[in-house]
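Hi,

Here is the structure I promised to pass on to you.

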Amino acid sequence: MKVFITGGCGQVGSHVAELLLDRGDEIMVIDNFDTGRREHLPDQHDKLTIVEGSISDKPLIDQLIGDFRPDVLIHTAASYKDPDNWYDDNLTNCVGGANLVQAAKEFGVGRFIYFQTALCYGTNPTESPVTLNHPKNPGNSSYSISKTAAEDYLELSGIDFVTFRLANVVGPRNVSGPLPIFYSRLKAGKKCFVTEARRDFVFVGDLAANVIKATDGTGHGAYHFSSGTDIAIIELYDAVVRALGINDYPEPDVHPLGEDDAASILLDPSRTFADFGNIEFTPLDTFVRLAVDYYNEHGTLGEYTHLKLKDGKET
Ligand SMILES: NC(=O)c1ccc[n+]([C@@H]2O[C@H](COP(=O)([O-])OP(=O)(O)OC[C@H]3O[C@@H](n4cnc5c(N)ncnc54)[C@H](O)[C@@H]3O)[C@@H](O)[C@H]2O)c1
């Protein structure tokens, strides 16, 4: 099978690419190395082509997809580094997303797999767990607005697609959210801040295994990739402390929830379990240890967040 992966040197894209290469598929990756790293994929592999470029470059996308003629397009590339950089978010998430959807349609790509943010439901969803029927309400961030526009184009296109809506995907090569922030601050002996929020963390390897099923034809439309249980942010913090082997427990400051903070963002995975079957979720301590091993070797890259920090605090 031929698979075109955008953002293939990022966290999700590289884990999916590895699984596809292991079973002999032919892969073409496009990445601009904004948050991904070239070394996340093998240097030399006769089934792997890596193109340095941007998905916002329509002639390039048309040329690559027109020449390669993939069976499946897996679109993981996203811009989110700077919440004030609406231009880059639009170029990558919105224009880039639309370029890919139109190229997939024009060149007869059989399936399109997308990764949507749970922020598309707003920062204060009206139900918990959030079902797939919850209205989209992305006006909380440039990231969420632009990611949702691309998902809307996909829905408009008539292409056979799967969109995995995700809360927090973590593991090795994770550069956004609280995990790399806790790691960096704890390593530097700095105090961490947590809120009383609960969040839905899943291991990138578990997601990648399901993306392979989707690549092979399982699923149509929107799915929540979620274990169905949330954990307190402080449990994630404690797992990082354990993985770092810190004996003298560094007490974090616990802040009450801000006005816009959801107490919990928990996604209802029932449709995913019905269509993809039972999923063995990797335990928290295991995936935090894998992430910490990765940071020890490679560093954290940037510790980005998708939303603006309030008072310098991170959940
Ligand atoms: N990680 C999460 O918790 C999470 C949660 C919700 C949704 N998602 C979505 O899942 C997808 C994968 O996330 P991830 O954790 O792997 O992020 P990541 O930052 O590790 O990977 C994104 C990749 O896209 C590349 N990229 C960015 N702009 C590009 C452009 N214009 N052209 C080509 N490549 C470009 C980056 O260099 C990087 O390699 C994203 O679409 C993201 O919006 C992730």
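By class, 18 residues in the shell around the ligand are polar, 11 are nonpolar and 3 are charged. Please keep in mind that this is a predicted model. There are 32 residues around the ligand, and G7, G10, G36, A78 and F115 come nearest. Where does the shell come from? At least two of its residues are supplied by each of α1 (11-22), β2 (26-31), α3 (86-106), β5 (111-117) and β7 (168-170). The largest share, 3 residues, belongs to α1.

Now to the sheets. Seen in order, β3-β2-β1-β4-β5-β6-β11 make up an open sheet of 7 strands with parallel pairing. Its edges are β3 (48-52) and β11 (221-225); each has a single partner strand, so one side of each is left without a neighbour in the sheet. On average, neighbouring strands here are turned by 20° against each other, direction ignored. Within this sheet, β4 (residues 72-75) runs parallel to β5 and is joined to it by 4 bridges, with H75 opposite Y114 in β5. Helix α3 packs on the sheet, where it touches β1 (2-6), β4 and β5, and its direction makes about 175° with that of β4.

There is also an open sheet of 3 strands, ordered β12-β9-β14, in which the pairing is mixed. Here β12 (231-232) and β14 (264-265) stand at the edges with a single partner strand each, so one side of each has no neighbour in the sheet. Strand β9 (residues 198-199) pairs with β12 in the antiparallel sense over 2 bridges, and R199 stands opposite I231 in β12.

Best wishes

Definitions and conventions. Residues numbered from 1 in each chain as written. Predicted model: local features only at pLDDT ≥ 70, side-chain atom pairs only at ≥ 80, totals over all residues. Near = placed C-beta within 6 Å. Nonpolar A, V, L, I, M, F, W, Y, C, P; charged D, E, K, R; others polar. Pairing = 2+ DSSP bridges. Axes fitted to C-alpha atoms, helices over the stretch in contact; angles between N-to-C directions. Contact = placed C-beta atoms within 7 Å.
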